[in-house]
Amino acid sequence: MESEPNILRRHDLDSLAAVERAFHTGPLSEAVKSAPQLERRKGLTLGEFEREYRHQMRPVVLEGFVEDWPSVQKWSFDHLAERCGSVRVIVDSYNTKAAREATVAEFVQMLKENEGDGATPIYLQEWYYQTTAPELADDMPEMDIAQYDFRRNLYGNAPSTNHQLWLGQKGGVTRLHQDSYTVDVMHAQIVGEKLWYVMGPKAELRADTAEGWKALCDSPDTELMQFTLKPGDVVYLPANWYHRIELLSNSIGLGRKCLDEANLRTHIRQRMGELLALALNPDEVKRTHPELFDVVLMRSRAWANRMDIDLSRLRP
């Protein structure tokens, strides 16, 4: 199989590690220090968002857009431990060696016991809370800017609102990536702050060398920018924008995906390709994508659960 020429798009462990190292040393580490701030807007109307950002495929931070959400007003880690502490989750699911099951209450206790120099940050990624703690949904109302999401037409109302909560410890990192399935990204910050670095869909790295990284940083197609997401803020990233996230403090955020109808064909091909790979060649997928295999299974199971599909049967 021919290797993906753009290293930023690769999912093998060596490429992922090389990209993460570049944020700490070399030309990219210098470039991010002076990267321009992503545009911030406050009081943006739905019409303005559609005209100036979504239809133009321009990213933006919507400052204070969900500051009146009950979750932003009252949530804390202890609040979630008290409210849904017995719910079981997978902690550090993006790391096959560190992944383990715990209750929400146990996860919060882990955070408290993991403070101090040298501690590896703990992260609860992609918690599909609506399958295990649906009572939390009322604290995060739907946003009017997200109503264009075409997934409702494909999968129905329940699967299309299968959003994820991200709960992590200061110092945690989500490595540079593009979200799967050609969906737009909306992320609402609920507790704490996150530093984001983003690159445009045309960003390209051809060689893991100083020259290769310098070419990436110098190219106008890279569109390297940064911003800090604070409680009540929402970031909108059009499909295929790269993003890397650092937790500046203990943090809770809501990941909300939107499928633009213009990306429907690509979305379906990617979804079907992933499902067929899992069904027809799971051993090869697990070998080539060891860090993603369990995550993809978790996504697919949550999706099936929301669609009332019985996975124990060969056909409905």
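About 70 Å³ of space lies in the largest cavity, a cavity being a set of points on a 1 Å grid over the protein atoms alone where a 1.4 Å probe fits but cannot get out. The volume is the space filled by probe spheres set on the grid points, which are joined across faces, edges and corners. The structure has 1 cavity of 30 Å³ or more.

This is a predicted model, in which local features need pLDDT of at least 70 and side-chain atom pairs count only at pLDDT 80 or more, while totals for chains, interfaces and linings use all residues. Residues are numbered from 1 along each chain as its sequence is written, and side-chain values use heavy atoms, leaving out hydrogens and water.

Select the lining of the largest cavity: Ile7, Leu8, Arg10, Ser15, Leu16, Val19, Glu20, Phe23, Arg175 and Leu176 (lining residues have an atom within 4 Å of a point). Helix H1 (13-22) gives the most, with 4 residues; strand S7 (173-177) supplies at least two.

Next, select helix H3 (residues 46-54) and colour Phe49, Glu50, Tyr53 and Arg54, its buried residues (under 20% relative accessible area, 1.4 Å probe, protein chains only). They cover an arc of only 115° around the axis, so they sit on the same side of H3; the arc is that of the directions from the helix axis to the C-beta atoms. They pack against strands S1 (40-42), S2 (60-63), S8 (184-191) and S11 (234-237).

Last, go to helix H11 (residues 264-280) and pick histidine 267. Histidine 267 is buried, at a relative accessible area of 1%. Beyond its neighbours within four places in sequence, histidine 267 is in contact (heavy atoms within 4.5 Å) with Leu154, Tyr155, Tyr181, Thr182, Val183 and Leu259.

Methods: 1 Å grid on protein atoms, 1.4 Å probe; cavity = no way out; pocket = protein on both sides within 12 Å on 5 of 7 lines; lining within 4 Å. Buried < 20%, exposed > 50% of the residue type's maximum accessible area, 1.4 Å probe, protein only.
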